[in-house]
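Hello,

Here is the structure I promised to pass on to you. Please open it beside this message, and then read on for what turned up.

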Amino acid sequence: MEKLYLTIALSPLVGAIFAGFFGTMLGKTATHVLTILGVLISTILSLYVFNYHVLEQGEVFNQNLYTWMQINNLNVSVGFLIDNLTAVMLVVVSFVSLMVHIYTIGYMHDDTGYTRFFSYISLFTFSMFILVMSNNFMQLFFGWEAVGLVSYLLIGFWHHKESAVQANLKAFLVNRVGDFGFLLGIGLVLAFSGSLDYMEVFSSLNKTMNQQLWGLDIITIICLLLFVGAMGKSAQVPLHVWLPGSMEGPTPISALIHAATMVTAGIFMVSRMSPMFELSDVALTVVMIVGAITALFMGLLGIVQNDIKKVVAYSTLSQLGYMTVALGVSAYSVAIFHLMTHAFFKALLFLGAGSVIVAMHHQQDIRKMGGLRKKMPITYWTALIGTLALIGFPGFAGFYSKDMIIEAVHFSSLPYASWVYVAVVVGVFITAFYSLRMFFLVFHGESRVDVHIAKHLHESAPSMTFPLIALAIPSLVIGYLTIGPMLFNGWLDNAITIASSHASMAELNREFHSAASMIPHAIQTLPFWMMIGGIATAWVFSIYRTQWADWVQKKCHRTNYVLESLYGFDRFNDLVFVSGVKKLGNLLYKVSDVGLIDKILVNGSAKLIGLVGKIVRPIQTGYVYHYAFFMIFSLLIILTWVLFAGDNPLLKL
Amino acid sequence: MEDSLLSLLIWLPIFSGVLVIFIGNNRANTARWVSVIISILVFIMSLSLYTSFDSSTHLMQFVEKTSWISQFNINYHIGVDGISMPLIILTTFSTILVIIAGWEVITKRCAHYMAAFLMMEGLIIGVFSSLDAILFYVFWEASLIPMLLIIGIWGGDNRVYASIKFFLYTFLGSVFMLVSLIYMYNKGGSFSILDMHNLELSLVEQGYIFWAFFMAFAVKVPMFPVHTWLPDAHVQAPTGGSVILAAIMLKMGGYGFFRFSLPITPDASLEFSEIIIVLSLIAIVYIGFVALVQRDMKKLIAYSSISHMGFVTLGVFTLFLAYKPDAIEGSLLGLEGAMVQMISHGFISAAMFLVVGVLYDRLHSREIPTYGGVINSMPKFTGFAVLFAMANAGLPGTSGFVGEFMVILGAIQANIWYGVLAASTLIVGAAYTLWMVKRVFWGTITNPAVATLKDINAREFSILAILAVAVLVMGLYPQPVIELMHTSIEHLLHQALTSKL
């Protein structure tokens with residue numbers, strides 16, 4: 001099995017290396033064939049692994065490959081932990097990656113960086129595999145930063161665009177803020193458990209639990225610090241600011257990295273650490289509240305966006321918030337379930353948006369679209385499936401996962417859970433509103449497309465529509481098919497620990513009968529009507545009476561201003577962190593380093609020596625009679641002092 | 001050959017340097033070829049230090065000892081352990097790179113330039129292998145001379161100021177070291193460093209000796225606040241000079257703490273460890289902010305060097321606070337992390353200075369605003385530059401991560417706040433490095449001269465490729481290096497924790 005797991009991880013890397021170093025030599029076709037082959041191998045093997053571990057309940061694989069560092073009893077290795085959680089992640093990552101690889105053939109067709117792009121996305125796939133397959137914190141951190149690196153390279157892929165290279169720097173640095181917390185968390189794990197291996201750490205938790213730091217349980221501190229890392233990667237408020245900017249990258253990577261896989265690394269990590277998070281209600285409450293804030297407030301921003309990718313990006317933020325809420329209420333398997341359904345439908349939506357963008361000659365403003373339904377039927381229908389899945393329309397994939405999150409919050413006994421419940425239910429309305437608003441503006445209504453573009457408007461190439469269809473299928477059925485086994489039949493049981501005091505999952509289990517029975521039941525629930533309300537509002541404002549939208553905007557100009565300025569996060573960061581830090585740097589450099597240390601202390605002492613030399617120099621005249629005079633004169637003074645000073649100690653000798 | 005391998009490593013480059021001077025500047029090509037062949041030969045010979053090294057003992061190996069000045073019991077006594085051996089190989093490795101890097105670039109007095117680097121190589125190997133304090137001191141001071149000449153002759157416009165500042169700063173520091181060495185000779189009757197390790201010293205004596213050593217080593221590292229010579233020296237030095245300065249000469253300071261301060265003055269080291277830790281943390285945090293606002297690329301990298309070397313001193317001195325009787329891993333993480341950081345910094349700073357050198361050779365400017373959009377005309381070069389920048393920012397998978405990771409993990413065990421401050425480099429280090437990358441490499445070309453730049457040639461490519469391999473291999477598999485030094489470091493830890501009082 002070890003070889004098989006290695007092949008999964010390494011085959012995209014081999015593809016990436018070939019594409020990166022020999023891409024220009026190999027040519028476009030050979031490059032994409034090679035990289036797609038690499039990911040295809042991983043996908044097939046991942047399905048095999050999924051079958052072996054999840055369906056046939058094969059044994060958990062936990063083995064080190066090689067010793068990275070050995071210091072006495074501390075062993076840090078590179079190794080794999082393959083359990084059901086990993087198996088699910090492998091399938092999701094490899095499948096979406098494969099689709100994105102294929103889609104790229106069409107999307108990047110005329111780009112000069114074609115081979116470089118394939119190299120990057122294959123490298124990303126490798127890094128993501130390393131992250132989810134890790135059996136220890138060091139390798140987790142390696143994967144964590146490696147996906148960040150590739151994300152950096154891909155956001156800045158069009159490096160001639162100033163906005164793109166600004167965004168990738170921002171993305172890297174904000175992620176580094178998260179990683180700062182993450183690394184400290186890892187450091188505390190080592191300090192208190194003496195190991196970085198997951199299983200060793202988990203088994204020594206009893207020992208760690210009783211210790212205190214800063215008046216809190218050490219376990220709480222560790223969990224909060226690790227969660228800071230998750231906040232960076234999974235873009236939770238206030239570390240979410242990098243994700244909208246990441247849309248500067250080509251659309252395929254927005255689908256792969258900034259929607260389906262990398263941004264869910266934080267969700268995966270917290271689920272992986274469930275034995276630790278379960279020990280701290282404080283940490284879980286924080287996780288839940290941060291998630292709820294992100295889910296609600298980032299969704300609101302989706303309403304005022306007019307860039308097709310930005311709308312989807314804010315929707316991603318909001319959905320990541322939902323997943324985080326699920327983590328907070330100890331419904332880890334529900335979070336992973338939503339992670340999976342979201343990966344499919346959000347990748348679909350992004351790729352659909354990409355298809356529209358290509359057709360529109362890179363026009364991304366949804367106000368300048370409209371009526372695309374007839375021109376792009378495949379994109380239209382798949383986007384419809386994606387949208388319905390996103391808003392949680394009964395029967396679609398997102399319906400099951402989101403409904404379970406809302407119910408799990410409902411059953412949670414954590415403090416503030418009732419507020420969070422309100423947030424996630426209102427969030428359903430908002431999600432439906434911005435999703436359908438975009439959907440209507442792009443595909444329905446009057447065409448507002450520029451006439452020059454309208455002439456050439458046509459459906460995208462098969463290499464782009466095939467992935468759309470291939471992702472639409474799971475967006476439709478995956479929830480229905482997997483909700484039972486994944487949440488209630490123990491698919492993830494060997495990876496996730498839930499304390500008995502956290503009853504959400506047990507309650508959900510009691511309520512759950514079958515996937516089919518959830519659909520008719522949905523009509524009696526509040527979230528369903530919130531969703532219908534959202535759809536209706538969107539229809540009214542974007543199809544039925546478009547002028548009402550302007551009227552509301554004017555009436556609520558204050559709210560509108562707050563939303564359009566994105567709550568001022570960017571302005572605050574620019575003011576405090578960008579300009580502030582530059583000012584501080586200049587101050588330290590000019591005043592302290594150059595001014596005080598170098599000018600005054602260093603060159604000052606050199607000058608002092610020079611000065612003393614200058615003063616003393618006239619005395620050294622070289623004339624004997626000058627020296628004789630000084631000697632006699634000095635002797636005179638000394639004698640006078642000896643003789644006439646009152647209680648001179650010398651006299652007592 | 002085994003018996004006199006170390007002597008060969010020291011004297012072969014020195015005498016070859018003399019030979020190269022006699023070849024003369026008129027026969028520059030001969031001088032270049034002789035130099036590069038000698039440096040490769042020395043490197044290969046130094047590899048046999050590695051292959052026949054016994055990492056299971058902390059005892060000195062490849063020991064040579066003959067009497068030198070018998071009246072004062074001064075011996076020509078050399079040998080290596082797991083602490084000095086990796087640094088010697090780093091020296092022989094870097095020397096090849098700088099000689100190749102100066103190949104076409106140095107047209108003025110080429111033979112002398114090559115000779116200076118060869119001699120310096122021998123002298124620095126002498127520093128790392130000396131087991132006699134006076135011999136050590138002689139090599140230590142002598143190694144200043146070639147560097148002084150390199151900056152003073154082949155440097156930039158303000159080279160005289162920089163070279164004198166460099167010389168006085170470092171010379172001032174080491175004078176105090178000489179005084180304390182003589183004091184210990186008077187007390188113990190031996191200049192042998194290993195004897196000094198066992199010399200009984202009171203806390204007061206240790207205190208004076210500790211600070212005298214500190215003066216010498218802190219200037220070399222350099223530590224805050226005696227670091228201001230470094231940016232000037234780097235800015236004025238030619239590329240090769242910067243590479244050797246950053247990659248090796250700074251390590252002499254770090255090495256001093258390992259070889260002298262900890263074992264000779266263990267109690268004073270414990271007593272004053274928190275002061276050194278605070279200075280190290282200032283170096284990491286404060287210098288990071290200073291680096292952020294630099295416009296001169298070399299200055300920026302020089303400040304980044306100071307910040308990274310802060311991890312070395314931090315790792316060394318957290319050993320006392322991180323120590324737990326039942327688990328010494330915390331202390332070892334700091335010490336071994338410091339060693340790994342020194343080696344890694346040797347690769348990365350060399351690479352970063354070479355990267356700037358490549359640009360400087362073309363446009364004769366080190367100012368960041370001169371550039372912008374370099375990727376458009378130099379894509380291959382940009383690939384390397386981004387890799388090294390990421391290594392400089394401590395990305396896992398590169399050597400830059402390993403040392404920082406180990407030192408931070410150790411520091412957290414000493415005191416969580418040390419860890420917090422040290423880990424802030426994750427943000428600040430990435431900020432100054434990648435902001436520079438953004439302004440120099442990404443974006444559109446604004447300066448028409450940048451559009452005419454030619455991508456790196458085979459010579460430049462091979463130097464950068466060798467360093468890239470070194471950075472990646474050490475990042476992905478550091479265990480061989482750690483294993484090499486482990487026994488020596490553990491012995492050192494034992495010495496540092498054993499009170500002399």
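Which residue takes a positive phi just after helix 17 of chain A? That residue is A:G392, with a phi of about 80 degrees.

A word on the background: this is a predicted model, where local features need pLDDT of at least 70, side-chain atom pairs count only at pLDDT 80 or more, and totals for chains, interfaces and linings use all residues. Residues are numbered from 1 along each chain as its sequence is written, while chains are lettered from A and ligands numbered from 1 in the order in which they are written.

Helices (H or I, at least four residues) and strands (E, at least two) are DSSP runs, numbered from the N terminus. Helix 17 of chain A covers residues 377–391. Of its 15 residues, 11 are buried (20 or more other C-beta atoms within 10 Å of the residue's own, with C-beta atoms placed from the backbone). Among them are A:T379, A:Y380 and A:I391.

Now to chain B, where helix 18 (residues 399–414) and helix 22 (residues 458–476) pack at an angle of about 40 degrees, with axes 6 Å apart. Axes are lines fitted to C-alpha atoms over the stretch in contact, and angles run from 0 to 180 degrees between N-to-C directions.

Finally, the contact (C-beta atoms, placed from the backbone, within 7 Å) takes 44 residues from chain A and 41 residues from chain B. Helix 6 of chain A gives the most to the side of chain A that touches chain B, with 15 residues.

Enjoy exploring!

Key. Expected span 1.5 Å × (residues − 1). Buried ≥ 20, exposed ≤ 12 C-beta atoms within 10 Å, placed from the backbone. Contact = placed C-beta atoms within 7 Å.
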